[in-house]
Structure formats: C-alpha cells, structure tokens
Amino acid sequence: MDAVSKLISAAGHALGPKGVITDPKEIEPWVTDWRGRVHGSSPAIFAPASTEEVAAIVRLAAEHRVPLVPQGGNTGMVAGATPAADGSQILLSMRRMNRIRAISADNRLAVAEAGVVLATLHEAANDIGMRFPLTLGARGSCTIGGLTSTNAGGTQVLRFGTMRSLVAGVEAVLPDGSVHDGLTGLKKDNRGYSLDQLLIGAEGTLGVVTAVALRLVPAVAARAVDARGYAFARLWIAQRLPRRIAIDWLREQRLYRFAVDRGRRRAHHLYARRLRRRDRGARSRCAPRRAQPRHARRSLHAEGRPAHGALQQSRRQPRWQ
Ligand SMILES: Cc1cc2nc3c(=O)[nH]c(=O)nc-3n(C[C@H](O)[C@H](O)[C@H](O)COP(=O)(O)OP(=O)(O)OC[C@H]3O[C@@H](n4cnc5c(N)ncnc54)[C@H](O)[C@@H]3O)c2cc1C
C-alpha cells in the first residue's frame, strides 16, 4: 500500500464516512480550476467538520508525507485550489466547516468558520443591522477561508480595503497539526509575531485557516437617487435618438415637459451667447485687440460698466505715475 492509500484509510477512521470522498464522480467537479484552464487529479477529498478534525488530518498527512490542498468554493483565479495532475496531492475541502460561531453588532465582529459562504455571512450580518463590506461576483460560492487565503479585495476595496483590513483574527491549523488561535479580536495584540497577517494571502501554504474573526460595519440605512441627475441622464440619451422616437420616449418617461422647458432655457442661453459673441466681434472689429496696449484692452472690456472698468484700470496704473 502506498502512502496516499494509507493516508486515505487512516483518514476514514479520523473523519468518519462523511469526511472522506473517494467516488471519482463526486471528486471530478473540484479538480479543475474556476476558469477551466488547469486540470488536476486527486484520489480523495477530505472534508473535516471541525478544527480538531482538520488538525487530526494535517497530522496524519504530515506523518505520511502526503501534500494537502485546501479548498473553499474553488472560485480562485490562479488555480491555487487545484491539486497536481499526477494525483499525488489530496484535496482538503473546508465546505463542511460552515458555522457562524458568533456575531455581534455591539462588538462589530463576526467569527465565521472557513467554509462559510460569503453570501451567508452577508445575510447573517444584515439580520443584526450590520454589514460585512467585502463583496464580489463569486459571493454565492466563495468561502471565508478562501477569501482570507487570497486576501481578496472585491468591489468595495477602495473604501474598505482588502481582507487584510477586515480580518480581526485567524484560527488556523499549522503544518505540524498544532492550532494557532488568533480569534481574540483584540485591536491591540502585540504578543509576538503576527501569524494572522502571515496567513492572510498565503493561499494555504503556511496553514489551513479554520475560522476568522471579521470586522463588520453598520448596514446602509437608506439609499437615495438624485432624481434630477437621473432625469438629465435620460435627457442626454434622448438627444442621441431620432427626433420622433425621442419625443415618444420622453412622453413615456414623463419627461417631455421637462425636456421642452430645458430646451427653451437652453435655446435662450444659446441665443444670448450668440448675441454676446456678435457684440464682442463688433467691438474687436472696431479696435483689433492685439494692437492695443494692455490697459486700453481692459477698458474696452469694461465698456458698459464704466465704474468697474475705471476702478480696474486705476488699480493697474503703476504707483509711481
Ligand atoms: C466571478 C468572480 C469574481 C471575483 N471577483 C473578485 C474581486 O472582485 N476581487 C478579488 O480579489 N477576487 C475576486 N475573485 C477571486 C476571489 O479571490 C475568489 O473568489 C475567492 O477569494 C476565493 O475563495 P474560495 O473559497 O473560492 O477559495 P478557493 O478558490 O477554493 O481557494 C483559493 C486559494 O485559497 C486557498 N484556501 C482556500 N480555503 C483555504 C483555507 N481554509 N485555508 C487555507 N487556504 C485556503 C486554496 O488552497 C487556494 O490557494 C472573483 C472570482 C470570481 C469567480
């Protein structure tokens, strides 16, 4: 019996029948990366349901010297959760560890196990009037362990930062099977090196993340759309449609009167601008601008506003004259 087979049989005793999957049909969907570009192979999937089971399986794997590949939702973009094609590695699925251990609006913290799907955490936070601000397209499948191990960013990254700034602590099983417990959630925790920070973004190379303490923010109380801005946006679209269609569409949108008023104001504005330009042209024809010394030009501009023009001109006079 080779090392992999020995490990699979030992894991059966440690995890029970639910914790070891050897049916190739059940394994197959999980050995190809999300983009379908990297294809791997694994003789089994280990699916522990608790931190103790993860620790037991990591100890056994270390003993038999068989590499484990942790996997959450398998939505990562760099095939980090895909095992090697030669079948020498075994998938360690974290999806059975899917409990939210604690969640509190007062502390603004949630402690979620590695296999909790992001959308589930969003719902749990929403139920207590809070929000976990990280979100991304894969929120229905990706897990807290995977998000932590990839230091994911998501669509709110500019405002709230990556997972690194949202993780308050990590619990993980280290390669020797010992458990690192960093779930205190303390803002200031200077007890030695920050293993939590090392584990974030490590893609499972330094340990298996089993639970994470996460920072929450208050839920968005209300959203408002600037109706005026929205109306202008629709007007902008209408201007690009053929006239007949634009009129029908504006009527349908109850924007016709708004568009007509705006059109009138705009026409008035354009007419006034044309008059001003014509006026200015006439003036420059009488007295070409560039031929004039600076102060004379200023007085021309100030035409019609003598008091103001005179004041400006006097300010421009050198003091010693
Ligand atoms: C549609 C879509 C949109 C996305 N949008 C974004 C985005 O906007 N921003 C962004 O940053 N990313 C984005 N991603 C990628 C994102 O990083 C992943 O979706 C997510 O972080 C991975 O979570 P997962 O549970 O699927 O992890 P997996 O893909 O299963 O694993 C990812 C890596 O983490 C390791 N890992 C998984 N679980 C653990 C664990 N418990 N302990 C230790 N290591 C573990 C794996 O070994 C692997 O190396 C997107 C992906 C998709 C499919």
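## A strand covered on both faces

Strand β4 (residues 90-93) is covered on both of its faces, with I90 and L92 buried on one side and L91 and S93 buried on the other. Here a residue is called buried if 20 or more other C-beta atoms, placed from the backbone, lie within 10 Å of its own, and strands are DSSP runs of E of at least two residues, whereas helices are runs of H or I of at least four, both numbered from the N terminus. In a regular strand the side chains alternate between the two faces of the sheet.

The model is predicted, and local features need pLDDT of at least 70, side-chain atom pairs count only at pLDDT 80 or more, and totals for chains, interfaces and linings use all residues. Residues are numbered from 1 along each chain as its sequence is written.

## Pairing partners

Strand β2 (residues 45-46) pairs with β4 in the parallel sense over 2 bridges, pairing being counted if DSSP finds at least two bridges between two strands. Strand β3 (residues 68-71) also runs parallel to β4, to which 4 bridges join it. L92 in β4 stands opposite F46 and is also the bridge partner of P70.

## The shell around the ligand

The ligand is surrounded by 32 residues, the closest being G72, G76, G80, G145 and G146; a residue is near a molecule if its C-beta atom, placed from the backbone, lies within 6 Å of it. β3, α5 (144-150) and β10 (208-215) each supply at least two residues of this shell, and α5 gives the largest share, 5 residues.

Notes. A residue is buried if 20 or more other C-beta atoms lie within 10 Å of its own, exposed if 12 or fewer, and partly exposed in between; C-beta atoms are placed from the backbone.
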